[in-house]
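Me: Got a model open here and I'd like to talk it through. Can you take my questions as they come?

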Amino acid sequence: MGSGSNSEGEERVLSYGDVVLIRSDLAILRGPCFINDRIIAFYFAHLSADLQDDDDLLLLPPSIPYLLSNLPDSAAVADPLRLASRRLVLLPVNDNPDASIAEGGSHWTLLILDKATSPSAPRFVHHDSLPGAPNLPVAARLADALRPLLSGSDSKRDTVPLIEGPTPRQTNGYDCGVYVMAIARALCAWWNNGQYHREGDWFQAVRRDVDAHSVKAMRADLLQLINTLIQEKAKANSPSKGDTDPGSLE
């Protein structure tokens, strides 16, 4: 799933929730490299930690949407997520056509289940940073898998629309995953600041906060965040202040 998931034998640098980052993930962030699912899962977990137990907004790691799209019966995966009770659900989308290929896929996008803008008229919003929205068919398949899991009558669920949201365009062939994280960051800030009361949806926040410059800076921001978390965890586990250097991103 575009993941670079072959981590056996690689040095672990940070455990964060259910995510374990390895040394090669740091090299990916230094770029220019395609972002893997481990990095997206880490950052979504970090954003989730700042939501302060807000059950209305749910950020899912890439593995969950992939399972929902590809399993014959997705209810076992979906039931614990309580999708019908959420107001916003963020789902990374990857175009890997073959689940047996761990590093398959070449494009990341973001699908959002939106029941916040108009609770009586839910919708799916897809953000694709490439012209022509090449991941739209993949996002549509995920939306088809999610519709039966929503509340309401069959006819109402079946008519939940899928639209393309305004998305800044990437200027290279490898930053799509960073755009997914940058859009998620902009949306979470919009949500945490209560801007949904004034702006209706997050589109203006995406236009304002996501561009080629902020995406480029985000790689460095993520490296700094990971380094800070490594240092904090090492300090918390250190028996004394005189211990050796706990680690480095170098």
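Me: N135, buried or exposed?
Reply: N135 is buried, because its relative accessibility is 1%, and buried means under 20% relative accessible area, with exposed over 50% and partly exposed in between (1.4 Å probe, protein chains only). This is a predicted model, where local features need pLDDT of at least 70 and side-chain atom pairs count only at pLDDT 80 or more, while totals for chains, interfaces and linings use all residues. Residues are numbered from 1 along each chain as its sequence is written, and side-chain values use heavy atoms, with hydrogens and water left out.

Me: Where does N135 lie?
Reply: In the loop between β6 (123–127) and α5. Helices (H or I, at least four residues) and strands (E, at least two) are DSSP runs, numbered from the N terminus.

Me: And what does N135 touch?
Reply: Not counting residues up to four places away in sequence, N135 touches V93, N94, D95, H107, W108, T109, H126 and D128. Contact here means heavy atoms within 4.5 Å.

Me: OK, other asparagine. Where is N192?
Reply: N192 is in helix α7, which covers residues 176–192. N192 counts as partly exposed because its relative accessible area is 41%.

Me: Which residues is N192 in contact with?
Reply: D50 and L51, once you leave aside neighbours within four places in sequence. N192 and D54 are also 9.5 Å apart in space, C-alpha to C-alpha, though 138 residues separate them in sequence.

Me: Switching to holes. How many cavities of 30 Å³ or more does a search of the whole structure find?
Reply: One. The largest cavity holds about 90 Å³ of space. On a 1 Å grid over the protein atoms alone, a cavity is a set of points where a 1.4 Å probe fits but cannot get out, and a pocket is an open set with protein on both sides within 12 Å along at least five of seven lines; lining residues have an atom within 4 Å of a point. Grid points are joined across faces, edges and corners, and a volume is the space filled by probe spheres set on the points.

Me: What lines the largest cavity?
Reply: There are 14 lining residues, and P65, Y66, S69, V93 and N94 lie nearest the centre. V93 and N94 are also among the residues that N135 touches. Helix α3 (63–70), strand β4 (88–94) and helix α5 (136–146) each supply at least two lining residues, and α3 gives the most, with four.

Me: How does that lining divide into nonpolar, polar and charged?
Reply: Nine nonpolar, four polar and one charged. Ala, Val, Leu, Ile, Met, Phe, Trp, Tyr, Cys and Pro count as nonpolar, Asp, Glu, Lys and Arg as charged, and the others, Gly among them, as polar.

Me: What volume does the largest pocket have?
Reply: About 400 Å³. Of its 16 lining residues, D18, V19, A41, A45 and P61 are closest to the centre. α2 gives the most to that lining, with six residues, and the lining comes to nine nonpolar, four polar and three charged.

Me: How many disulfides?
Reply: Zero in a search of the whole structure, where a disulfide is a pair of cysteine sulfur atoms within 2.5 Å. C176 is buried because its relative accessibility is 1%, whereas C33 is partly exposed at 27%.

Me: Last one, what does the chain come to in helices and strands?
Reply: 10 helices and seven strands. Of the 250 residues in the chain, 48% are buried.
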